[in-house]
Amino acid sequence: MIASAAWKIAAFLTPAIEVIIKELVKAEVAHFDETGFRVAGKLAWVHSASSGNWVLVTVHPKRGTQGMDAAGVLPSFTGIAVHDAWAPYDTYTGVAAHALCGAHVLRELTAVTETGTDLDVIWARQAIDALLALNDAADAAAAAGREAIDAGLLARHAKDFTDAAAAGIALNAARRSKLEKKRHALATRMENRQDDYLRYARDLRVPFSNNRAEQDIRMSKLRIKVSGCMRSMTGAQTFCTIRSYLATAARHGISALDALTMAAQGRPWIPGTA
């Protein structure tokens, strides 16, 4: 009975989902993420796209570009895409720019301080200090209503970050162990994608981390943890459609009860109409 009611509600939500996708496609900055989702005993993937008051959650059997394309945002998105360093995101060359999550690289650098040599600890801490200093500067500039952080401060800490990456590459160039290979890959990525890692410091519209996307996708993980594997892809799609609708409604000040009541009555709240 509950499943039947959910399918009925989801069937009314197509106009709302279409508006959400349209708004995300034209956003200046948007967050993207993906996570595993058990469906019918197999591993599927939940994909999220969000910006401001707009949230889209979709599910697909594939994690990569097939799932991203099916969600309908990234293929037409021309703004700044915020995400982790997973390679498929970079295949979308129509975006204005990519911004890599600072929280992710901080975790990687912290791991270097815990497992690396004394010299590795030095370059990793230097990179961490540069990232955090620039984040503090960006927050302070935004709070003060400024359009940018001090150019000298930006140049100094950007150099610290680049120098740290160069040291990491040199120290782990032999790549004799798995940890050396991992550290070398991290430092190389930092050097090659310095602009994307520090985009938040050069464009105050861009956040330091992709935590927004992780928060938007968290409910799907909680759903699996509490209730277990989804029985079918149809059920998973229903869950994601309703989740997109409710999350977007909440960010527009519409309560879940009101949004669900309107949808159950066949007159769902449509973003931008109320």
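In helix 2 (residues 14–25), A16, I17 and I20 meet T241, S244, Y245 and T248 of helix 11 (residues 233–251); contact means heavy atoms within 4.5 Å. The model is predicted: local features need pLDDT of at least 70, side-chain atom pairs count only at pLDDT 80 or more, and totals for chains, interfaces and linings use all residues. Residues are numbered from 1 along each chain as its sequence is written, and side-chain values use heavy atoms, with hydrogens and water left out.

The contact of helix 2 with helix 11 divides into 4 nonpolar, 3 polar and no charged residues. In this classification Ala, Val, Leu, Ile, Met, Phe, Trp, Tyr, Cys and Pro are nonpolar, Asp, Glu, Lys and Arg are charged, and the others, Gly among them, are polar. Helices (H or I, at least four residues) and strands (E, at least two) are DSSP runs numbered from the N terminus.

**Helix packing**

Two packed helices are described by the angle between their axes and the distance between the axes. Axes are lines fitted to C-alpha atoms, for helices over the stretch in contact, and angles run from 0 to 180 degrees between N-to-C directions.

| Helix pair | Angle | Axis distance |
|---|---|---|
| Helix 2 and helix 11 | about 65° | 10 Å |
| Helix 4 and helix 5 | about 150° | 8 Å |
| Helix 5 and helix 6 | roughly 155° | within 9 Å |

The angle makes helix 2 roughly perpendicular to helix 11. Helix 4 and helix 5 are roughly antiparallel to each other, and so are helix 5 and helix 6. Angles under 35 degrees count as roughly parallel, over 145 as roughly antiparallel, 65 to 115 as roughly perpendicular and the rest as oblique.

Helix 2 passes helix 11 in a left-handed crossing; the crossing of helix 4 with helix 5 is left-handed, as is that of helix 5 with helix 6. A crossing is left-handed if the near helix is turned anticlockwise from the far one by less than a right angle, and right-handed if clockwise.

Helix 4 (residues 102–115) meets helix 5 through residues including V105, L106 and L109, with D120, V121 and W123 among their partners in helix 5. By class this contact has 11 nonpolar, 2 polar and 2 charged residues.

Helix 5 (residues 118–143) also packs with helix 6 (residues 151–171). The contact includes L119, D120 and W123 of helix 5 and L153, L154 and H157 of helix 6. Its residues divide into 15 nonpolar, 3 polar and 3 charged.

**Empty space**

Rolling a probe the size of a water molecule over the atoms shows where empty space is left. On a 1 Å grid over the protein atoms alone, a cavity is a set of points where a 1.4 Å probe fits but cannot get out, and a pocket is an open set with protein on both sides within 12 Å along at least five of seven lines; lining residues have an atom within 4 Å of a point. Points are joined across faces, edges and corners, and a volume is the space filled by probe spheres set on them.

There is 1 cavity of 30 Å³ or more. The largest cavity holds about 80 Å³, and its lining includes F32, D33 and H47. Strand 2 gives the most to this lining, with 3 residues. The lining divides into 7 nonpolar, 2 polar and 1 charged.

The second largest pocket has a volume of about 300 Å³. Of its 17 lining residues, V57, T58, V59, Q237 and T241 lie nearest its centre. Its lining has 10 nonpolar, 7 polar and no charged residues.
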